[in-house]
Amino acid sequence: MLISYSPLHNQNLTARKVKRVRMDVFATPEFSKRHPFTTPEELAQYPFILLSSMTDYSYNNVLGFIHVEAAEIEIVTVSGELSFDNIYTAINCCRNGMGYLLTSQLLLKIPRE
């Protein structure tokens with residue numbers, strides 16, 4: 001069994017949606033001051049810490065932002081020089097001010113090592 005927040009890359013597996021998990025964009029206060037944004041489109045201008053499970057084998061991640069009240073989805077492609085297959089490594093890089101990161105608040109509550 002695999003629990004994942006990203007689409008399956010192995011077409012031999014069967015996926016079932018169990019629950020929706022809210023994902024947010026995170027950064028250190030210093031990083032966000034140097035790279036401010038007010039709309040999702042502006043995020044494409046700034047460095048992201050990428051998750052290899054969401055890549056198309058390039059240094060890009062395609063993010064979908066849902067506007068809850070309007071029920072609209074906005075697709076934004078972000079890029080960066082750092083790409084990890086381990087979310088905890090990505091979180092540590094984000095905590096060190098190395099870029100924006102899309103993750104769940106639940107994963108950020110794990111204590112630092």
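**A helix and what covers it**

Mentor: Helix α2 is followed by G97, whose phi is positive, near 75°. This is a predicted model, in which local features need pLDDT of at least 70 and side-chain atom pairs count only at pLDDT 80 or more, while totals for chains, interfaces and linings use all residues. Residues are numbered from 1 along each chain as its sequence is written, and side-chain values use heavy atoms, with hydrogens and water left out.

The setting comes first. The protein chain has three helices and five strands, arranged from the N terminus as β-α-β-β-β-α-β-α. Here helices (H or I, at least four residues) and strands (E, at least two) are DSSP runs, numbered from the N terminus.

At the start of α2, a side-chain oxygen of N86 comes to within 2.8 Å of the backbone nitrogen of Y88. The helix itself covers residues 87–95, and its buried residues are I87, A90, I91, C93 and C94. Viewed down the axis of α2, these buried residues fall within an arc of 160°, so they line one face of the helix. The arc is that of the directions from the helix axis to the C-beta atoms. Buried means under 20% relative accessible area, exposed over 50%, and partly exposed in between (1.4 Å probe, protein chains only).

What lies over this face? The cover of the buried residues of α2 includes β1 (24–26), β2, β4, β5 (101–103) and α3 (105–108). Apart from its neighbours within four places in sequence, T103 contacts R22, M23, D24, F26, I87, I91 and L108, where contact means heavy atoms within 4.5 Å. I87 and I91 in that list are also among the buried residues of α2.

C93 is buried, with a relative accessible area of 12%, and C94 is buried at 6%. The structure holds zero disulfides, a disulfide being a pair of cysteine sulfur atoms within 2.5 Å. For C93, the nearest cysteine sulfur is that of C94, 8.8 Å away; that distance is too far for a bond.

Strand β2, part of the cover of α2, has four of its five residues buried, so it is largely enclosed by the rest of the structure. β2 and β4 pair in the parallel sense over four bridges; two strands pair if DSSP finds at least two bridges between them. L50, for instance, has S83 in β4 as its bridge partner.

L50 also belongs to the largest nonpolar core, which has eleven residues, including F31, F48, V76 and L102. β2 (47–51), β3 (60–67) and β4 (72–84) each supply at least two residues of this core. A second, separate core of ten residues includes I49, L51, I87 and A90. A nonpolar core is a set of buried Ala, Val, Leu, Ile, Met, Phe, Trp, Tyr and Cys residues joined through side-chain atoms within 4.5 Å. In soluble globular proteins, nonpolar side chains tend to be buried together.

Across the whole protein chain of 113 residues, 27% are buried.

Note on methods: Polar contact = N/O pair within 3.5 Å; in protein donor to acceptor, adjacent residues only side chain to side chain.
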